[in-house]
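Dear colleague,

Please find below the structure that I am handing over to you, with its sequence. My notes on what was found in it follow directly after.

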Amino acid sequence: MDERQLRILRELGELGSVTAVAEALLVTPSAISQQLRLLQRAIPVPLTERQGRRLVLTDAGQALAGAAVEVETALARARHTVEEFVGAPGGEVSVAAFHSAGAAFFPPLLRALAGAGKPVPRLADEDVAQQDFPRLTREYDVVLAHRLDHAPPWPDTVATTTLLREPLDVAMPAGHPLAAKRRVTPRDVADEPWITVHEGFPVLATIEAIAAAAGRRLRLAHRINEFSVVAEVVAAGGGIALMPRWTMRPHPALVLRPLSGAQARRHIDALYRPERMARTAVRTVLTELRRAARGIQSREP
């Protein structure tokens with residue numbers, strides 16, 4: 001049995017005929033009769049009986065019609081509860097981000113949402129391979145993910161809002177010979193030791209593109225995913241690396257130089273399941289993330 005069938009039974013008890021129920025519910029009498037037959041199949045005793053030309057409720061039917069009132073009341077209460085939850089400006093909203101995005105986006109998000117009546121962010125760091133970001137939308141309302149400019153789009157199972165299209169620059173010690181250049185090319189950097197990410201992470205594809213443009217393999221000296229650690233290793237003379245232009249805090253011992261001759265840019269995208277956006281609180285968080293992205297990008301000199 002379902003809600004519609006119970007409502008038909010209740011209306012039949014009140015209105016006294018299939019025709020009257022059909023008119024009240026704006027359907028055909030045959031549709032009403034079909035739903036009554038389906039309901040009867042689920043009940044072991046007769047719910048209706050003929051009295052002349054009229055179809056009336058049996059005692060069992062009247063009992064079930066009375067219960068239908070309670071069911072409709074409970075469902076109405078449940079819908080109201082859901083509507084309040086969906087429309088509430090506050091409530092918890094879970095947000096996950098890979099490390100450099102978390103460092104850049106979490107502080108302004110927390111500042112923007114401070115105070116009563118606003119969403120309460122529940123933050124988590126999730127540094128995973130690119131193909132694993134969409135799966136995180138099962139656990140979190142919003143997931144900040146990264147992919148390279150030329151990488152395939154995210155699957156249709158998630159909705160996407162692009163927050164930043166961020167250049168990846170070549171980071172080197174301030175005293176490095178290449179620091180005198182305004183821009184560097186793949187040939188300029190091909191003989192340098194490189195610090196790059198582990199297999200499966202987006203930046204590695206750009207390293208491969210640099211090698212292809214230079215016409216030789218690069219020497220990968222260190223594998224480190226966390227950009228703040230990479231910055232310290234570059235500063236210590238461990239090699240050069242690709243670093244995001246906007247989402248990393250400037251390091252006093254490093255300089256960043258744009259790369260010519262190879263595509264070096266990443267998307268920072270907010271991924272989410274479309275139904276999560278039904279909540280006002282989640283939409284508010286996404287709005288603040290977009291505002292934070294504009295602020296982050298404005299830091300460029």
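F98 and F133 are both buried, where buried means under 20% relative accessible area, exposed over 50% and partly exposed in between, with a 1.4 Å probe and protein chains only. The model is a predicted one, in which local features need pLDDT of at least 70 and side-chain atom pairs count only at pLDDT 80 or more, while totals for chains, interfaces and linings use all residues. Residues are numbered from 1 along each chain as its sequence is written, and side-chain values use heavy atoms, with hydrogens and water left out.

Aromatic residues

F98 and F133 form an edge-to-face aromatic pair, with 6.3 Å from centre to centre and 70 degrees between the planes. Rings of Phe, Tyr and Trp (for Trp, the six-membered ring) pair if their centres lie within 6.5 Å; planes under 30 degrees apart count as stacked, over 60 as edge-to-face and the rest as tilted. F98 lies in the loop between strand 3 (91-97) and helix 5 (99-112), and F133 in the loop between strand 4 (119-125) and strand 5 (142-148), so the pair ties together parts that are 35 residues apart in sequence. Helices (H or I, at least four residues) and strands (E, at least two) are DSSP runs, numbered from the N terminus.

F133 also forms an edge-to-face aromatic pair with W154, at 6.3 Å centre to centre and 85 degrees between the planes. Because W154 lies in the loop between strand 5 and strand 6 (159-173) and F133 in the loop between strand 4 and strand 5, this pair ties together parts that are 21 residues apart in sequence. The relative accessible area of F133 is 0%, and W154 is buried too, with a value of 10%. The count by this rule is 2 aromatic pairs, and F98, F133 and W154 form one aromatic cluster.

Helix packing

Helix 1 (residues 3-15) packs against helix 3 at an angle of about 110 degrees, with the axes 9 Å apart. Axes are lines fitted to C-alpha atoms, for helices over the stretch in contact, and angles run from 0 to 180 degrees between N-to-C directions. The angle makes helix 1 roughly perpendicular to helix 3; angles under 35 degrees count as roughly parallel, over 145 as roughly antiparallel, 65 to 115 as roughly perpendicular and the rest as oblique. Helix 1 passes helix 3 in a left-handed crossing, a term used if the near helix is turned anticlockwise from the far one by less than a right angle, with right-handed used if clockwise.

On the helix 1 side, Q5, I8, L9 and L12 meet I32, Q35, L36, L38 and L39 in helix 3. By class, this contact of helix 1 with helix 3 has 7 nonpolar, 2 polar and no charged residues. Here Ala, Val, Leu, Ile, Met, Phe, Trp, Tyr, Cys and Pro count as nonpolar, Asp, Glu, Lys and Arg as charged, and the others, Gly among them, as polar.

Q5, in helix 1, counts as buried at 7% relative accessibility. Not counting residues up to four places away in sequence, Q5 touches Q35, L38 and L39, where contact means heavy atoms within 4.5 Å. Q35 is placed in helix 3 and counts as buried at 18% relative accessibility. With neighbours within four places in sequence left aside, Q35 is in contact with Q5 and I8.

Helix 2 (residues 18-25) and helix 3 (residues 29-41) pack at an angle of about 105 degrees, and their axes are 8 Å apart. Helix 2 is therefore roughly perpendicular to helix 3. In this contact, V18, V21, A22 and L25 of helix 2 meet P29, I32, S33 and L36 of helix 3. The residues of the contact divide into 7 nonpolar, 1 polar and no charged.

Two loop residues

S260 is found in the loop between strand 10 (254-257) and strand 11 (265-272), and counts as partly exposed at 24% relative accessibility. Leaving out residues up to four places away in sequence, S260 touches R183, V184, T185 and P186. The C-alpha atoms of S260 and D169 are separated by 9.7 Å, and the two residues are 91 residues apart along the chain.

R138, in the loop between strand 4 and strand 5, is exposed, with a relative accessible area of 55%. Apart from its neighbours within four places in sequence, R138 is in contact with R273 and R276. R138 and K181 are 43 residues apart along the chain, and their C-alpha atoms are separated by 46 Å.

With kind regards
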